[in-house]
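Please walk me through this model, starting with the ligand contacts and going on to the metal site, the charged pairs and the surface. State the cut-offs as the terms come up.

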Amino acid sequence: MASSTQTKAGVFVTGTDTGVGKTVVAAGLVRGFRMMGMDVGVMKPIAAGCYRSPRADGGFELRSEDADWLVEAAQTGDGLELVCPVRFELPLAPLTAARLAAHQVSIEQILRAYETLHERHEFLVVEGVGGLMAPIRQDYFVADMIKDMKLPAVVVARPGLGTLNHTILTVKYAKSRGISVLGIIVNHAEQQDRSQAAETNVPILEECCGIPVLQVVPHATRLKDPNLCLEACRKILGKD
Ligand SMILES: Nc1ncnc2c1ncn2[C@@H]1O[C@H](COP(=O)(O)OP(=O)(O)OP(=O)(O)O)[C@@H](O)[C@H]1O
Ligand SMILES: [Mg+2]
């Protein structure tokens with residue numbers, strides 16, 4: 001399944017865009033893997049749009065809602081500096097947020113935290129930021145981070161009209177970079193999409209991308225249900 005350059009035990013959850021459901025799916029995968037008896041660590045290497053959490057000394061620290069979700073799913077007790085080492089308050093792409101904060105994202109810091117988490121856990125679920133070409137530094141994109149982490153990816157995609165273009169672009173670009181893509185997870189984030197496009201997209205995605213749709217996740221009210229992404233978990237582990 002994974003190429004020889006991709007040896008790490010884990011999965012990188014990317015998406016066709018921001019807001020497609022990467023966090024919900026990543027946390028769903030974590031809960032599913034844990035239900036299967038695995039020790040799973042989590043990481044959201046870079047988060048933007050963070051909130052201020054008051055500290056005892058009167059100051060504050062920036063925290064990420066995405067990281068909170070992942071940590072709650074994993075129940076690992078790993079500190080925020082490892083789980084989410086780079087945090088920005090502005091809800092912008094990492095390169096833009098970093099520029100406005102007169103800062104440059106340290107890839108080394110992210111990869112150090114990643115290696116530490118890898119040593120601690122059997123398997124890691126890492127949530128990306130935006131899509132594959134979200135810029136982190138002028139010459140470093142999310143796709144480069146996936147390569148450096150040596151993880152296979154899953155692509156979270158919208159169900160309806162437009163997703164063929166976005167998903168095929170994402171999968172083909174990932175493959176062109178030598179990233180192993182395990183499959184696509186179609187997620188009904190906004191509502192249950194019952195359009196003709198949504199009803200017909202899954203086989204076309206599989207045909208044009210040459211990889212399976214691991215699961216179609218419905219628009220759900222119980223997002224913390226451990227069964228939410230279980231079908232995808234089984235397929236990722238080759239147990240289906
Ligand atoms: N299957 C689902 N059922 C119901 N609501 C969902 C589902 N998936 C996602 N959502 C909702 O859609 C919104 C976007 O989801 P989410 O935050 O997971 O996207 P994301 O891709 O992680 O976004 P970002 O790029 O900001 O990290 C959230 O409000 C989330 O609760
Ligand atoms: Mg998210």
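An oxygen atom of ligand 1 sits 3.0 Å from a polar backbone atom of Gly-21, in a model that is predicted. That pair is a polar contact, defined as two N or O atoms within 3.5 Å; within protein, one must be able to donate a hydrogen and the other to accept it, and residues adjacent in sequence count only if both atoms are side-chain atoms. An oxygen atom of ligand 1 is also 3.1 Å from a polar side-chain atom of Glu-127, and a nitrogen atom of ligand 1 is 3.4 Å from a polar backbone atom of Ala-189. Taken alone, ligand 1 exposes 630 Å², of which the protein buries 73%. These areas come from the Shrake-Rupley method with a 1.4 Å probe; for residues, only the protein chains shown count as cover. There are 18 residues around ligand 1, and Thr-18, Lys-22, Thr-23, Asn-187 and Ala-220 come nearest; a residue is near when one of its heavy atoms lies within 4 Å of the molecule.

As to conventions, this is a predicted model in which local features need pLDDT of at least 70 and side-chain atom pairs count only at pLDDT 80 or more, while totals for chains, interfaces and linings use all residues. Residues are numbered from 1 along each chain as its sequence is written, chains are lettered from A and ligands numbered from 1 in the order in which they are written, and side-chain values use heavy atoms, with hydrogens and water left out.

Glu-127 takes part in the metal site as well. The magnesium ion (ligand 2) is coordinated by Thr-23 (OG1), Asp-66 (OD) and Glu-127 (OE), at 2.0 to 2.2 Å. Asp-66 lies in helix α2 (residues 65–74) and Glu-127 in strand β7 (residues 123–127), 61 residues apart, and this pair links distant parts of the chain. Donors are N, O and S atoms within 2.8 Å of the metal (3.2 Å for Na, K and Ca); water is not among the atoms, so sites may look incomplete. Helices (H or I, at least four residues) and strands (E, at least two) are DSSP runs, numbered from the N terminus. Glu-127 is buried, at 1% relative accessible area, whereas Asp-66 is partly exposed, at 24%. Buried means under 20%, exposed over 50%, and partly exposed in between (1.4 Å probe, protein chains only).

Next come the charged pairs. Side chains of opposite charge can pair when their charged atoms come close. With a salt bridge taken as a side-chain nitrogen of Lys or Arg within 4 Å of a carboxyl oxygen of Asp or Glu, the count comes to 14. One of them joins Glu-72 to Lys-224, with the closest N and O atoms 3.1 Å apart. Glu-72 is in helix α2 and Lys-224 in the loop between β12 (213–217) and α9 (230–236), 152 residues apart. Both ends are partly exposed, Glu-72 at 36% and Lys-224 at 41%.

Arg-158 and Glu-190 form another salt bridge, at 3.6 Å between the closest N and O atoms. Arg-158 is partly exposed, at 25%, and Glu-190 is exposed, at 61%. Together with Asp-17, these two residues are linked in a network of salt bridges.

The surface comes last. Leu-90, Leu-92 and Leu-100 make a nonpolar surface patch of about 260 Å². Leu-100 lies in helix α4 (residues 94–100) and is exposed, at 59%. Patches are made of residues with over 30% relative accessible area and no salt bridge, with like charges joined within 9 Å and nonpolar side chains (Val, Leu, Ile, Met, Phe, Trp, Tyr) within 5 Å.
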